[in-house]
Amino acid sequence: MKSEPRIVEVRQNVFRQNDVTARELRARFRDAGVFVISLVSSPGSGKTTLLEKTLTAMQKQWRVAALVGDLATENDARRLERSGAPVRQIVTGTVCHLDAAMVRRSLEGWDLDELDFLFIENVGNLVCPASYDLGEDMRLVLLSVTEGEDKPQKYPTIFHGADLAVITKVDLAEAVEFDRVAACGALCAVSPGLQVLEVSAKTGEGMDAFLGLLASRAITQGLAR
Ligand code: MG
Ligand code: ZN
């Protein structure tokens, strides 16, 4: 038990160092006029599919790129490259989240001035990504209709810290008897006033509203110019 205060101290230093790096990144992104959006969710909630459709659609109008975090494989990056946008994989090994230093390292050699939007797909995990600022402007948390409606209450920190909740795979809502009222109730309970959008990347339902919201947030902040 004696070593506990030491562990707490080390963790606090890790978070403090991450915050410093995230602040540097945020300043760089702002200088370059790039709007940065991160995505977090459980594994299998449809981050990569949503991102693939988003990159493909936004490319017609904007200069977009993506970083994608995963524990072991580069499969997601290969899928996202089909959109034609520049994509880099961050393989984290045993680390179950991205941190700001990983983002900074993976941006080496990229001219941020050449970008309007940068997407960062976090490792599928609803726990520790909540503690790591990546310098993003907007954090999206995804909840698929195939998950339990009470997930926000099980992982309140990540839902509380998000700027937008996206309910994914709504084309399956009826088949899995998704309880919309219960899900929205759970979201409101942990994050009152959190904006919620429903999308199906598969059918395209809700995608226009989703893409419009990202663009308007960026323009409101004077970014993506
Ligand atoms: Mg993925
Ligand atoms: Zn982690």
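Some ground rules. This is a predicted model, where local features need pLDDT of at least 70 and side-chain atom pairs count only at pLDDT 80 or more, while totals for chains, interfaces and linings use all residues. Residues are numbered from 1 along each chain as its sequence is written, chains are lettered from A and ligands numbered from 1 in the order in which they are written, and side-chain values use heavy atoms, leaving out hydrogens and water.

Now the overall build. The protein has eight helices and seven strands. These are DSSP runs, numbered from the N terminus: helices are H or I with at least four residues, strands are E with at least two. The radius of gyration is 17 Å, close to the 17 Å that the globule rule gives for 225 residues, so the protein is as compact as a globular protein of that length. That radius is taken over C-alpha atoms, and the rule is 2.2 Å times the number of residues to the power 0.38. Along the principal axes, the C-alpha atoms fill a box of roughly 50 × 45 × 35 Å.

What about burial? Of the 225 residues, 49% count as buried. Buried means under 20% relative accessible area, exposed means over 50%, and partly exposed is in between (1.4 Å probe, protein chains only). Next, contacts, meaning heavy atoms within 4.5 Å. Among contacts with a separation of 6 or more, 74% come from residues 24 or more positions apart.

Let's go to helix α7, residues 180-190. Which of its residues are buried? A183, A186, L187 and V190. Seen down the helix axis, they fall within an arc of 95°, so they line one face of α7. The arc is that of the directions from the helix axis to the C-beta atoms. On the other side of α7, V181 and A189 are exposed. The cover over the buried residues includes α5 (151-154), α6 (156-160), β6 (164-168) and β7 (196-198).

K169 is partly exposed, at 26% relative accessibility. E177 is in that loop too. E177 also has a positive phi, about 55°, and is not a glycine. At 67% relative accessibility, E177 counts as exposed. E174 is a further residue of the loop. E174 is exposed as well, at 75%.

T54 lies in helix α2, residues 47-58. At 1% relative accessibility, T54 counts as buried. Leaving aside neighbours within four places in sequence, T54 is in contact with F119, M207, F210, L211 and L214.

Then E147, in the loop between β5 (138-144) and α5. Is E147 buried or exposed? Buried, at 13% relative accessibility. Beyond neighbours within four places in sequence, E147 is in contact with S42, S45 and L142. From E147 to Q89, C-alpha to C-alpha, the distance is 26 Å, and they are 58 residues apart in sequence.
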